[in-house]
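Subject: Handover of a structure

Dear colleague,

Please find the structure below, together with its sequence.

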Amino acid sequence: MADTPTDSKSEAPSRSLADRLSTSRNGTNAEAPSFTPGKFSSSSWASDNSSPSSQPGNGVEPAKTDSVSPPPAPTTTASSDLAPAMMDGGAPWQGDSEYDNNVASALDEPEFDVNVKLSDLRADPNSPLHSAIKSFAELNLPPELEQGLIAMNFTRPSKIQERALPLLLANPPTNLIAQSQSGTGKTAAFVLNILTRIDRTLPAAQAVVLAPTRELARQILSVAQTMGSVMTDLTFRAAVPDPEKRGQKVVEHLVVGTPGTISDLIKRRLFDVSHVQILVLDEADSMLDMSGMGEQCKRVKHLLPKDVQVNLFSATFPEQVMGYAYAFAPDPNVITLEVKQLTVEGIKQIYMPCGGDEKKYQLILKLYELMTISSSIIFVARRDTAAELERRMVADGHTVASLTGALDGPERDAIIDKFRKGNAKVLIATNVLSRGIDVQSVTVVINYDVPLTSTRNPDPETYLHRIGRTGRFGRVGVAITLCQDRRAVDQYHAICRHFSVKPYEVLPGNWDEVEAQLKRIIKGSRAGKNLDVNA
Ligand SMILES: Nc1ncnc2c1ncn2[C@@H]1O[C@H](COP(=O)(O)OP(=O)(O)OP(=O)(O)O)[C@@H](O)[C@H]1O
């Protein structure tokens with residue numbers, strides 16, 4: 001098992017992937033993938049440029065309503081055959097316990113000519129980034145928080161922020177179940193409510209946010225710290241497994257953590273929850289999954305004051321968890337989306353049938369040869385697949401890192417931080433990273449394995465969350481799913497049918513043609529429309 005994060009410069013021969021990957025960040029915007037460095041110059045993905053997304057409006061229901069010579073390819077094993085410890089996340093969550101190189105490219109045009117501004121997206125009432133109001137000021141937030149929003153560079157609310165905030169901020173506090181597409185700003189919605197309600201003169205914990213992984217908990221905490229940066233005396237605590245903090249009392253105003261750690265702190269009387277007035281579950285549908293963290297979340301809630309305001313946020317609320325959601329957050333206001341509204345138009349969805357596991361591995365190498373990618377995540381189903389894929393890619397000269405639940409907390413923190421900083425450009429991950437992680441430079445997500453549930457059925461929710469690691473807040477992204485056999489193709493199509501999505505099929509083989517197709521797809525992204533890639 002390649003437990004060590006590899007960014008192995010010593011082994012990197014002539015073809016270091018990192019050398020060919022551009023860190024194309026411009027302001028807060030990441031560059032969309034382009035092709036064949038040297039031939040195809042990167043487009044200027046200027047700040048605020050992106051493709052339009054056309055999502056129907058959110059419906060607000062008011063209240064009550066993986067070298068050598070040659071090693072085997074990383075295998076894709078049916079999840080039902082797995083020792084549970086090999087799996088991370090997905091459905092259900094495992095918790096925090098946690099070639100020919102002859103591409104005669106015709107892609108020598110300097111750049112695509114279509115740019116669509118974020119402001120255009122915001123003007124489109126069907127976009128999830130649209131809001132009727134022009135600024136956060138109209139939400140009557142405390143002035144210090146407006147300063148925090150300036151620190152975040154947020155000028156206007158997104159649709160979910162515009163709709164959720166008035167419901168969250170109203171008094172008496174009411175529970176909320178809120179759904180909005182990936183990357184549309186749900187974090188800010190619940191953090192703003194929390195920061196508005198905390199009484200800083202009271203030196204006690206007043207808000208608890210539960211997240212499924214330490215990475216997401218740390219990310220949420222960091223958003224809150226930035227937003228609350230001008231609020232003097234506001235204190236924060238990450239409650240994730242951390243040997244250094246074991247035994248330390250929780251006295252901070254806002255506590256963000258994983259449910260196991262938080263319930264443990266409360267039970268050991270290290271966390272006085274008597275002043276907690278807000279409980280937020282991010283990725284609430286996976287948190288409430290009774291085969292996952294549901295019991296731990298219930299336990300935490302039962303330890304909190306009875307009148308706590310409960311906020312459940314996610315991009316997905318499958319029908320089977322809605323009952324748990326209503327029981328967990330009684331009498332809520334509800335903001336929901338129809339299933340066909342859930343996919344983000346800016347994320348171009350591609351699948352590539354590739355005829356076997358070894359061919360799948362070769363395809364990965366080829367894709368990284370063809371595309372100049374800012375940052376990318378390769379999702380795999382199993383920890384051993386991640387380890388083997390990492391080992392092979394490194395042996396083949398690529399610089400990659402991998403993050404799975406097999407690593408201990410500090411190792412995970414170091415890897416995700418390195419990826420965020422752009423010091424690792426390719427991250428191989430299990431589903432432990434499929435939800436919530438916001439790294440704007442991620443322009444490509446590759447599903448090395450079609451996401452499946454523990455019962456080996458197609459897993460649309462995990463798919464949606466995985467591909468949602470790209471295309472954040474109006475940016476362009478590409479999601480490529482590799483299908484090693486007919487069955488995987490069928491499983492992929494079942495997922496697409498679930499979301500009423502018509503994916504692009506790109507057949508490997510003729511690499512000139514593959515390159516041309518990918519180019520057309522991305523061009524279509526920038527133009528905000530689906531082009532006929534076979535045209
Ligand atoms: N009003 C805003 N203006 C500009 N950028 C924003 C705004 N709100 C959020 N963002 C940015 O959008 C990105 C996505 O936000 P966030 O991570 O909260 O999305 P999310 O809806 O929680 O996604 P997911 O479902 O994947 O968890 C972040 O980089 C955040 O900084």
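Val-280 has Asn-311 as its bridge partner in strand 10. Strands here (E, at least two residues) and helices (H or I, at least four) are DSSP runs, numbered from the N terminus. Before going further, please note that this is a predicted model, in which local features need pLDDT of at least 70, side-chain atom pairs count only at pLDDT 80 or more, and totals for chains, interfaces and linings use all residues. Residues are numbered from 1 along each chain as its sequence is written.

Strand 9 (residues 278-282) and strand 10 run parallel and are joined by 5 bridges. Two strands are said to pair if DSSP finds at least two bridges between them. Another bridge leads from Asp-282 to Phe-313 in strand 10. Strand 10 also pairs with strand 5 (residues 176-179), in the parallel sense and over 4 bridges; here Ile-177 has Leu-312 as its bridge partner. Strand 9, in turn, runs parallel to strand 6 (residues 207-210), to which 4 bridges join it. Within that pairing, Val-209 is partnered by Val-280 of strand 9.

How many residues of strand 10 are buried? In strand 10 (residues 309-314), 6 of the 6 residues are buried, so the strand is largely enclosed by the rest of the structure. A residue counts as buried if 20 or more other C-beta atoms lie within 10 Å of its own, as exposed if 12 or fewer do, and as partly exposed in between, with C-beta atoms placed from the backbone. Gln-309, Asn-311 and Phe-313 lie on one side of strand 10, Val-310, Leu-312 and Ser-314 lie on the other, and all are buried. Strand 9 is mostly covered too, with 5 of its 5 residues buried.

The buried residues of helix 7 are Pro-259, Gly-260, Thr-261, Ile-262, Ser-263, Leu-265 and Ile-266. Their cover includes strand 6, strand 7 (236-239), strand 8 (254-257) and helix 9. After helix 7 comes Arg-269, which has a positive phi, near 60°.

Two packed helices are described by the angle between their axes and the distance between the axes. Pro-259, Gly-260, Ile-262, Ser-263 and Ile-266 of helix 7 meet Gln-296, Cys-297, Arg-299, Val-300 and Leu-303 of helix 9. The residues of this contact divide into 6 nonpolar, 3 polar and 1 charged. Two residues are in contact if their C-beta atoms, placed from the backbone, lie within 7 Å. Ala, Val, Leu, Ile, Met, Phe, Trp, Tyr, Cys and Pro count as nonpolar, Asp, Glu, Lys and Arg as charged, and the others, Gly among them, as polar.

Helix 4 (residues 159-169) is likewise mostly covered, with 9 of its 11 residues buried. Among them are Ile-160, Leu-165 and Leu-168.

**The ligand**

Which residues are closest to the ligand? Ser-182, Gly-185, Lys-186, Thr-187 and Phe-473 are the closest of the 20 residues that surround the ligand; a residue is near a molecule if its C-beta atom, placed from the backbone, lies within 6 Å of it. By class, this shell has 5 nonpolar, 11 polar and 4 charged residues. Helix 5 (residues 186-197) gives the most to the shell, with 3 residues.

An open sheet of 7 strands has the order 15-16-14-17-18-12-19, with parallel pairing. Strand 15 (401-403) and strand 19 (504-505) stand at its edges, each with a single partner strand, so one side of each is left without a neighbour in the sheet. Strand 14 (residues 375-379) and strand 17 (residues 442-447) run parallel and are joined by 5 bridges, and Ser-376 stands opposite Val-444 of strand 17.

For the protein chain, the secondary structure comes to 16 helices and 19 strands, and buried residues make up 54% of its 535 residues.

Yours sincerely
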